[in-house]
Amino acid sequence: MITAYARVALAVDFTDIPARDRTVDSFEHVTLSGEGTTWEEAQAACPIPEDAQVLFWARWPL
């Protein structure tokens with residue numbers, strides 16, 4: 001079994017923020033996970049919200 005971890009920033013909305021000031025640091029960050037028999041299935045099992053921005057993916061085992 002493979003576990004995929006996604007570090008995401010929640011409720012990302014840059015609508016009112018000038019381009020030079022955009023950073024994900026001002027949004028809440030969480031780590032989500034999903035499991036599958038392949039890397040693709042594990043990623044697909046991660047419940048990533050529609051308005052979230054994925055910061056990075058990690059997998060276990062490597």
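Here is a short chat about the predicted model shown above.

Visitor: Hi! How many helices and strands does the protein chain have?
Guide: Hello! This predicted model has 1 helix and 3 strands in its protein chain.

Visitor: And in what order do the elements run?
Guide: Starting at the N terminus, the order is β-β-α-β.

Visitor: What radius of gyration does the chain have?
Guide: The protein chain comes out at 14 Å, whereas a compact globule of 62 residues would be near 11 Å.

Visitor: What about the box filled by the C-alpha atoms?
Guide: Along the principal axes, that box is roughly 45 × 20 × 15 Å.

Visitor: OK, and what share of the residues count as buried?
Guide: Of the 62 residues in the protein chain, 23% count as buried.

Visitor: Switching to charges: which residues form the negative surface patch?
Guide: That patch is made by Asp13, Asp16, Glu50 and Asp51.

Visitor: Where is Asp13, then?
Guide: Asp13 sits in the loop that links strand E1 (2-9) with strand E2 (29-36). Its relative accessible area is 45%, so Asp13 is classed as partly exposed.

Visitor: Where would I look for Asp21?
Guide: Asp21 also lies in the loop between E1 and E2.

Visitor: Why is Asp21 called partly exposed?
Guide: Because Asp21 has a relative accessible area of 43%, and partly exposed covers values between under 20% for buried and over 50% for exposed.

Visitor: One last thing: what separates the C-alpha atoms of Asp21 and Glu35?
Guide: A distance of 36 Å, with the two residues 14 residues apart along the chain.

Note on methods
Residues numbered from 1 in each chain as written. Predicted model: local features only at pLDDT ≥ 70, side-chain atom pairs only at ≥ 80, totals over all residues. Heavy atoms only, no water. Patch = residues over 30% accessible without salt bridge, like charges linked within 9 Å, V, L, I, M, F, W, Y side chains within 5 Å. Areas by Shrake-Rupley, 256 points an atom, 1.4 Å probe, with all protein chains shown as cover. Salt bridge = Lys/Arg side-chain N within 4 Å of Asp/Glu carboxyl O. Lys, Arg positive; Asp, Glu negative; His and termini not counted. Charge placed at Lys NZ, Arg CZ, Asp CG, Glu CD. Helix = DSSP H or I, 4+ residues; strand = E, 2+ residues; numbered from the N terminus. Buried < 20%, exposed > 50% of the residue type's maximum accessible area, 1.4 Å probe, protein only. Rg over C-alpha atoms; globule rule 2.2 N^0.38 Å.
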